[in-house]
Amino acid sequence: MDKKWWMESVGYQIYPKSFYDSNNDGIGDLIGITEKLTYLKDLGINLLWIGPFYDSPMDDNGYDVRNFYQVDQRFGTLDDAKTLIKTAHEFGIKVILDFVLNHTSDEHPWFIESRKSKDNPYRDYYIWHEGKMKDGKRVEPTNWGSFFGGSAWCFDEPSNSYYMKIFSDKMPDLNWRNPKVREEMINIGEFWLDVGADGFRIDAVSHLDRAPLEDIHDKKHKYPLDWHRFSNLPKVHDYLQELNEKLFKPHNALTIGEVGGQATIENALKYASFDANELSMVFNFDHNWCNNLNEVVDPKKLKVDVIQLRAVFKKWQDAFKEKGWLPLNWLNHDQPRLMSHYGHYKYPKASGKMLATVIHMMRGTPFIYQGEEIGMTNYPFQDVQDFDDQSSVANYRYQLEHVSDNPVYALKKASLKSRDNGRTPMQWDKSSAAGFTKGIPWFHVNPNYKKINVENSLKDPDSLWHHYQKLIDLRKNSQYHEVITYGELDFIDLENKDCLSYTRLRGDQTLLVINSFSQYDVMFDLTQYNILEVVLNNYKKTRIKNGMIFLKPFESVVLEVKVKA
Ligand code: GLC
Ligand code: CA
């Protein structure tokens, strides 16, 4: 395996709209990010993934791009982007941008042309279909559902046909079978790499092809959502190989594909093994839903299923062991907040630190999602109108139609999962709007900001923030740098329902990482090991006696050990 700079990086994801507002119009911006680079450097990260900031009507907060070559005026200017990247580089921080390949905004000039007429030169940039006849009526070409609810097709009056859109009506899907589309996207990628980006997080990358247009058999739903109809199909690999050959490889770009759609390991390795010639890494989501979220309504009843979580981590880590490299992240801007989802409300500090240790001691490149490092939580939504995100509203309606007609119940269910939880403004201090803006913030500020904020976190040497800083420092700068970064990872004690534990091994160094997910005291057998050093603990005291370690609720320990002969 060749070592790469990004294997030694620790990443941080920024959702630009909600990070920091420099000009007090209530919307986070690029200058705001630049102003906070010292904060990020102090935390220790050296890689930034910045969400889309291109010109956009903001139907999906910028994932609906109107002009790929322009910075949206709300976020700043192209010069601001250049300054941000340049300053980050001066701080030793690499920058990857969000590359949105699957669709554009319906306000993109290509789409405006495309919908004009059937013989327009841009017609083939998108996926058009006449529809089909059913009971004497014209209907969508297929009954496929979209990610944001409703049909995956939208009827377009002017050209009297349907266009495909697996996200919102305002996000028509590009037709990747058209070589011109691929060429355009390569040019766009080149433009941003020339501006100075070090690579891309590639949005919705698994969706670039479609299965044959046949209906899904499902009597319950009018528009069933079957990911397999537009995820991880063979042609996607051809397109990525072409992008790799013409764009990524010549620029030596780091690429991390967002691979939803329940990618199999086989497929994931096709995308991102060392010899794949497609992507450097893939983000997957299998470990994001290993709790009882679907069974509960009360967030206090959420509980992680350790057996399931371990199985998922193990599956991915084992598959990529010698063959590839993985990003390590808990959650991103499309999911609820880590603390509310997997943490414990009675033990926020201990459980938050434990969760951080789980990820940061694994083999791969860790990514922190903004606010995770201070333990930001889900937002207490009171009404469906509080949602900004379309998929949250769609989920609310789904609950009402298919599960229970009780609006209180529907709101609670939609809130547990809502993407808006992660999108409330970053909580910097206790001043109004949490120091995110001096104006009126574009979105609700979590009412807990007076307690949970950066200022408090920096002041308290025992805070979650300092634990993240320690973890990053251990990985990057300590005598354990090699073993944490490159060491072999083996999960142990595979039946344990309370503790998720693994070893890391490199040369003659062995680390043992034990993480309790229990809210009660538990014991863990250490008789196989000689303990050389307590490297890290989220409690002050480590209690080892007669070959047993006694763990407090959500205790997490990293030990340097020697396995007994
Ligand atoms: C990805 C993004 C998500 C967006 C979608 C459509 O899943 O992470 O935020 O809504 O793609 O671009
Ligand atoms: Ca602003």
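Which residues are the protein donors of the calcium ion (ligand 2)? The first legend answers this. The model shown is predicted.

**View 1. The calcium ion (ligand 2) and its protein donors.** Five residues are named here: Asp-21 (OD), Asn-23 (OD1), Asp-25 (OD), Ile-27 (O) and Asp-29 (OD). These donors lie 2.2 to 2.4 Å from the calcium ion. Along the sequence, the donor residues follow the spacing D-x1-N-x1-D-x1-I-x1-D. Asp-21 has 2% relative accessibility, so it counts as buried. Asp-25 has 37%, so it counts as partly exposed.

**View 2. Ligand 1 and the residues that surround it.** The shell around ligand 1 holds 13 residues. The closest are Asp-60, Asp-203, Glu-258, His-333 and Asp-334. By type, the shell divides into seven charged, four nonpolar and two polar residues.

**View 3. Polar side-chain atoms beside oxygen atoms of ligand 1.** Asp-203 places a polar side-chain atom 2.8 Å from an oxygen atom of ligand 1. For His-333, the distance from a polar side-chain atom to an oxygen atom of the ligand is 2.9 Å. For Arg-201, it is 3.0 Å. Taken alone, ligand 1 exposes 310 Å², and the protein buries 96% of that.

**View 4. Helix H12 (residues 407–417) and its buried residues.** The buried residues of H12 are Ala-410, Leu-411, Lys-413, Ala-414, Ser-415 and Leu-416. Helix H11 (390–403) is among the elements that cover them. Look next at the start of H12. There, a side-chain oxygen of Asn-406 comes within 2.9 Å of the backbone nitrogen of Val-408.

**View 5. Asn-537 in strand S20 (residues 529–537).** Is Asn-537 buried or exposed? Its relative accessibility is 13%, under the 20% limit, so Asn-537 counts as buried. A polar atom of the Asn-537 side chain lies 2.7 Å from the backbone nitrogen of Tyr-539. The side chains of Asn-537 and Glu-555 are joined by a polar contact of 3.0 Å. Leaving aside residues up to four places away in sequence, Asn-537 touches Thr-542, Glu-555, Ser-556 and Val-557.

Technical notes: Residues numbered from 1 in each chain as written. Chains lettered and ligands numbered in written order. Predicted model: local features only at pLDDT ≥ 70, side-chain atom pairs only at ≥ 80, totals over all residues. Heavy atoms only, no water. Near = heavy atom within 4 Å. Polar contact = N/O pair within 3.5 Å; in protein donor to acceptor, adjacent residues only side chain to side chain. Areas by Shrake-Rupley, 256 points an atom, 1.4 Å probe, with all protein chains shown as cover. Nonpolar A, V, L, I, M, F, W, Y, C, P; charged D, E, K, R; others polar. Donors = N, O, S within 2.8 Å, 3.2 Å for Na, K, Ca; no water. Buried < 20%, exposed > 50% of the residue type's maximum accessible area, 1.4 Å probe, protein only. Helix = DSSP H or I, 4+ residues; strand = E, 2+ residues; numbered from the N terminus. Contact = heavy atoms within 4.5 Å.
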